[in-house]
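Please look at the protein shown here and follow its pockets and one part of its surface in the report below.

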Amino acid sequence: MRRKFFFAHRDLDFTLKDYKEGRGFFLYTGRAPSKSPMHIGHLIPFIMTKWLQEKFGVNAYIMIPDEEKYLAKKVDSLREVELHVMQDVLNIIAVGFDPDKTFIFKDIEFIGRLYKAAVKVARHITFSTAKATFGFTGETSIGLIFYPALQIVPTLFERKRPLIPCAIDQDPYFRLQRDIAPKLGFYKTSELLSKFVWGLTGPESKMSASKPESAILLNDSPEEAAKKVKMAFTGGRATAEEQRKIGGIPEICPVYHWYSILFEEDDKKLEERYWACRSGKLLCGECKAELAERVKAFLRQHQRRVKDAEKLKDKFLYDGKLASKMWNWSID
Ligand code: TYM
């Protein structure tokens, strides 16, 4: 937030006021499993959600829409998705959520509890609105056209204001929610919105799990990840000599971008890195080698936590305090 990577919000001030005045709030976010594992960019909203849960002691709901990418025809079979569902769940648990205050649910499994609320939501979304919001066409599967109703349902899990940390691409769902929720007697959702993490391949490029050279996947071996960092595009000059003379361009450099988002917590040290690059004192090789070490350490720790998550998963999915309550949830 300090670095403005989370750059926008809706009604965050109302959420904080609710908290201060004792009405509370709850957190909601999600991840749609696909045919590739999650990458580091996908972790960002979860890191933010976990931080907020820790600070405010509130419940967090995490949706795993295991039908979404299939309906969007981004994968060929449900089987392909199934291979990644549990790994995604473990990656999310590894971020450090509270097992008694967090419920992780897969749509296909939890649909019995979601469906009544989805019907209520769906009644308020016309096809014209859905088309205008998501760009649906005559070729879109009817399942995908209904799906926004499902993504909205968790915002109705409690009679409190939801706060959703996510990247900007998810905002359209929740703009719709804000029109519908008051009609159903629920709070409009609040949002905390981030930009996209750049891929390693260039400034503003998308980190995409289907382009392995652009992304650090959470199951890459630390050595593999380090190699990718060393191959990254940078804001450096054609030769070391030129760079020493006129300096690099951190503004267009994915390596600097990554330091600024996840790998340099200290503002002063980040600024020093910026000027060392600009002035030509720091060359790309050295800067990448340092980042590679930090990425390796991050992955080692994350992958250790994924192993530990295995033992905790049933609490998040079925029998933790919040999870067991949610298996009896129904909209009034
Ligand atoms: P999905 O699986 O595409 O993405 C999961 C989350 O990661 C964010 N994200 C990114 N953040 C930073 N940098 C990136 N390069 C990057 N790519 C993706 C997404 O904004 C998302 O927050 N429909 C959703 C699943 C979902 C959901 C939700 C997301 C269901 N309910 C509630 C947020 C809130 C999806 O396909 O996410």
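In this predicted model, the residues that line the second largest pocket divide into 14 nonpolar, three polar and six charged. The lining is made up of 23 residues, and those nearest the centre of the pocket are Ile47, Trp51, Ile261, Leu262 and Glu265. At least two lining residues come from each of α2, α11 (254-263) and α13 (284-319), and the largest share of the lining of this second largest pocket, six residues, is supplied by α2.

The largest pocket can be described in the same terms. Its lining counts 46 residues, with Arg31, His42, Lys69, Asp169 and Gln170 lying nearest its centre. Several elements each give at least two residues to the lining of the largest pocket, among them the strands β2 (25-30) and β5 (161-167) and the helices α3 (68-71) and α8 (171-180). In the largest pocket, too, the largest share of the lining comes from α2, here with five residues.

| Pocket | Volume | Lining residues by class |
|---|---|---|
| Largest pocket | about 1,200 Å³ | 25 nonpolar, 13 polar, eight charged |
| Second largest pocket | about 910 Å³ | 14 nonpolar, three polar, six charged |

On the surface, Phe7, Ile168 and Phe196 form a nonpolar patch, and together these residues have about 260 Å² of accessible area. Of these, Phe7 is placed in strand β1 (residues 6-10). Because its relative accessibility is 41%, Phe7 counts as partly exposed.

Methods: Residues numbered from 1 in each chain as written. Predicted model: local features only at pLDDT ≥ 70, side-chain atom pairs only at ≥ 80, totals over all residues. Heavy atoms only, no water. Patch = residues over 30% accessible without salt bridge, like charges linked within 9 Å, V, L, I, M, F, W, Y side chains within 5 Å. Areas by Shrake-Rupley, 256 points an atom, 1.4 Å probe, with all protein chains shown as cover. Salt bridge = Lys/Arg side-chain N within 4 Å of Asp/Glu carboxyl O. Helix = DSSP H or I, 4+ residues; strand = E, 2+ residues; numbered from the N terminus. Buried < 20%, exposed > 50% of the residue type's maximum accessible area, 1.4 Å probe, protein only. 1 Å grid on protein atoms, 1.4 Å probe; cavity = no way out; pocket = protein on both sides within 12 Å on 5 of 7 lines; lining within 4 Å. Points joined across faces, edges and corners; volume = space filled by probe spheres on them. Nonpolar A, V, L, I, M, F, W, Y, C, P; charged D, E, K, R; others polar.
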